[in-house]
Amino acid sequence: MMNTTLMTLPPPEIEWKLPARGRVAMYALIAAEAAIFTIFVVAYLFYIDKSLSGPMPREVLSPPFFYSVCLLSSSLTIHLACKSLRGGTVRRFGAWWLLTITLGVLFLFGTASEWHRLIYEDGLTISTNLFGTTYYSLVGLHGFHVVVGLVCLSTVMAFTLFGAVKQEHAERLDVLSLYWHFVDAVWIVVFIVVYVIGR
Amino acid sequence: MSTDSIAWPSTTAESRSLVDHLHEWIVTVDHKRLGMLYILYALVFLVIAGIEATIIRIQLIRPHNDFVSPQVFNRLFTMHGTTMIFFVTMPILFGFANYLIPLMIGARDMAFPRLNAFSFWMTAFGGLLLYFSLVGANGLYGAGNAPDIGWFAYAPLTSQTFSLGHSTDFWTLALLVSGFGSIGTAINIVATIVCMRCPGMTLAKMPLFAWLNLVMGGLVILAVSPLTAAQIMLLVDRYLGGHFFDTQAGGSAVIWMHFFWIFGHPEVYVLVLPAFAFASEIIPVFSRKPIFGYSVMVGATVAIGFISMSVWAHHMFTVGMGSAANTFFVISTMAIAVPTGIKIFNWLATMWGGKIEFRTPMLFCIAFLFQFLVAGLTGVMLSAAPFNWQLGSSYFVVAHFHYVIVGGILFTLFGAFYYWFPKMSGKMYSETLGKLHFWLFLIGFHLTFDFMHIPGLLGMPRRIYTYEPGRGWDTWNVIVTIGVFFQAAGILVFLGNLLWSYYRGKAAGSDPWDAWTLEWSTNSPPPAYNFYTIPTVQSRRPLWDLKHPDDPDWKYE
């Protein structure tokens, strides 16, 4: 009764466009993730030089320049991938997308080999000292996010191979690429904190 | 799926079995049903945590009492605090936000219905996990079952050395899991309010309820995430042998305090902003006036959101942070009283000159105004660092924050229950029982929490199991405990009223309060799709415009 009377209002002629919900939600998720990373970064900075025993970061860490370049350039390739899809060239999109995944996997391989060396050669584990605890937690948390990103990207890749990704999905993949850009941006912070300030 | 396998469920109630009915509720993604699930789930935990509080108060009614053992006492205050914050107040507020926001902004559902269901079940399982500790946590060396580390779980109490067995693991995992649920809901609320408003509803024309919940969502995103990070660190310490909070290896116990309170203080505003939201809807309707100073209310809300992120260490004055940090947190804490004061004046100005109807929701909101003012004043007292050194961790602090949470938040929540019960159930509640509930709870609240300040001023520390006679605390503790039984009686009347009205109440109609926001334009209870046609609004009070076409609001806004 009341609900129908409301509808009798003549709708005024107005432009009505609101932001896309996927994009807003992704920004909100990124804000939440940024807060989590902030706490881990603060803990890392606070505990620099507070370890009571070795090994110390100066002795065992060397900046992984090559793998960092891999991860950071994957931001460029995912951007080009999304641009290709918006333009409607799905094959080129697939190629850039695959390259993005490859770069991400390369980065993870870099982390894995660094951890392997730290654990088996330098004897640094998460429980060795404060440096180990904060280092593996912060880099591990970032690595976890790379893994989650790669799972998402690979799912899209599978859909692409089966021909299910079309131009109309460009907006959704743009939203997904925001997450990947965030993961890359966090690496810049982690790199500076761990390999520059921390050493 | 072939088309002939799709059979529409019969609409007659008797043909559906109980299992079908439950199945429908469990798989639901409807924001209204999820809202109700949140609320009902929180009410169950309200009763549980209320019983825990009652046992605590019985234990403290006289000196040298041994109603429960000291070990059980520690578990009781830990479970009471954790449950009330994480599994009563937050879910109940999320429930109301879920139920009302889409209806108020003229949307058919939340932005992400399935994320909504996921978040609810995460929260629900978090609560079950916490209470499963009672049977599941019996670890080594008779270390006990339920967590007994206090609701803020200071290090090193949480280390393996001092928390044997698994009780602390249940605590941290329960908070981690429900934290994911909270963040999911907050993202959903923000996305819904930003992206799902009906045509014409610009940000400046949203109901204040939506504005306050938008800021609440932002605060949850920024405040619960640090708690999640801290819980991950605690898990690393407990399971992987990390040293974050291990002072033996150079770690810091104080950094846990910082991380916890970076969550813990904004959390207070996460809880109180929705309470403000209820008051901002109920007070105008029962004063028969639009809200006074809408834009200032919005500004004050955003200001509270910002300032609340920079006041956390006022929980830590007694730690010894140094005078620079102390000064900063004294000033920032006192500053937050300004926007809050602005809000109180705006609500008073809304009532001023209005035709006030003293219905039950309004009574609760009026009590809220007075009690929240007192809570704010003791808050300003405690924000002065030297005063805090004297009274930190005393019953004065306990009285202060219960004044905020019970006197402020719970009172408006009861108001919200009575105000929106007709919308959610389609039935009118009993005004007599509602008023009885109000007076019982008001008397109980003041007996308990007014008089709780005094033993605090006289030096009674919080969390003590028992005390010596003759310190001047005895009489006050008796009065405080007596008040609890009034409150318990009030809660029973409240639950009885809900049940009685649901089955026996008379039909409420779609708009029993002659109100102005969109939820009152649809049926009670609203259909699954909320609105037959998506409405279009031109002012903050679309139903006023509709009812008074000769004098619509949009001419003046």
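In chain A, the axis of helix α2 (residues 21–46) comes within 10 Å of the axis of helix α7 (residues 170–197), and the two cross at roughly 10°. Angles under 35 degrees count as roughly parallel, so α2(A) is roughly parallel to α7(A). The model is predicted. Two packed helices are described by the angle between their axes and the distance between the axes.

Residues from both helices form this contact. On the α2(A) side, the contributors are G22(A), R23(A), M26(A), I30(A), E33(A), F37(A), V41(A), Y44(A) and L45(A). They meet R172(A), V175(A), L178(A), Y179(A), F182(A), V186(A), V189(A), V193(A), V194(A) and I197(A) of α7(A). By class, the contact holds 15 nonpolar, 1 polar and 3 charged residues.

Helix α8 (residues 294–307) of chain B contains 14 residues. Its first and last C-alpha atoms are 20 Å apart, close to the 20 Å expected at 1.5 Å a residue. Buried positions in α8(B) are Y294(B), M297(B), A300(B), T301(B), I304(B) and G305(B). Seen down the axis of α8(B), these buried residues fall within an arc of 140°, so they line one face of the helix. An α-helix has 3.6 residues a turn, so residues three or four places apart point the same way.

Most residues other than glycine have a negative phi, and most peptide bonds are trans. In chain A, the bond from G54(A) to P55(A) is cis, with omega near -5°. P55(A) sits in the loop between α2 and α3 (57–60) of chain A. That loop between α2 and α3 also holds D49(A). D49(A) is not a glycine, yet its phi is positive, near 65°. D49(A) counts as exposed because it has 11 C-beta neighbours inside 10 Å, and the cut-off for exposed is 12 or fewer.

Chain B has a cis bond from A155(B) to P156(B), with omega near 5°. P156(B) lies in the loop between α4 (113–136) and α5 (167–195) of chain B. D514(B) belongs to the loop between α15 (474–504) and α16 (542–547) of chain B. With 12 other C-beta atoms within 10 Å, D514(B) is exposed.

Terms used:
Residues are numbered from 1 along each chain as its sequence is written. Chains are lettered from A and ligands numbered from 1 in the order in which they are written. This is a predicted model: local features need pLDDT of at least 70, side-chain atom pairs count only at pLDDT 80 or more; totals for chains, interfaces and linings use all residues. Helices (H or I, at least four residues) and strands (E, at least two) are DSSP runs, numbered from the N terminus. The expected span of a helix is 1.5 Å times one less than its number of residues. A residue is buried if 20 or more other C-beta atoms lie within 10 Å of its own, exposed if 12 or fewer, and partly exposed in between; C-beta atoms are placed from the backbone. The arc is that of the directions from the helix axis to the C-beta atoms. Axes are lines fitted to C-alpha atoms, for helices over the stretch in contact, and angles run from 0 to 180 degrees between N-to-C directions. Angles under 35 degrees count as roughly parallel, over 145 as roughly antiparallel, 65 to 115 as roughly perpendicular and the rest as oblique. Two residues are in contact if their C-beta atoms, placed from the backbone, lie within 7 Å. Ala, Val, Leu, Ile, Met, Phe, Trp, Tyr, Cys and Pro count as nonpolar, Asp, Glu, Lys and Arg as charged, and the others, Gly among them, as polar.
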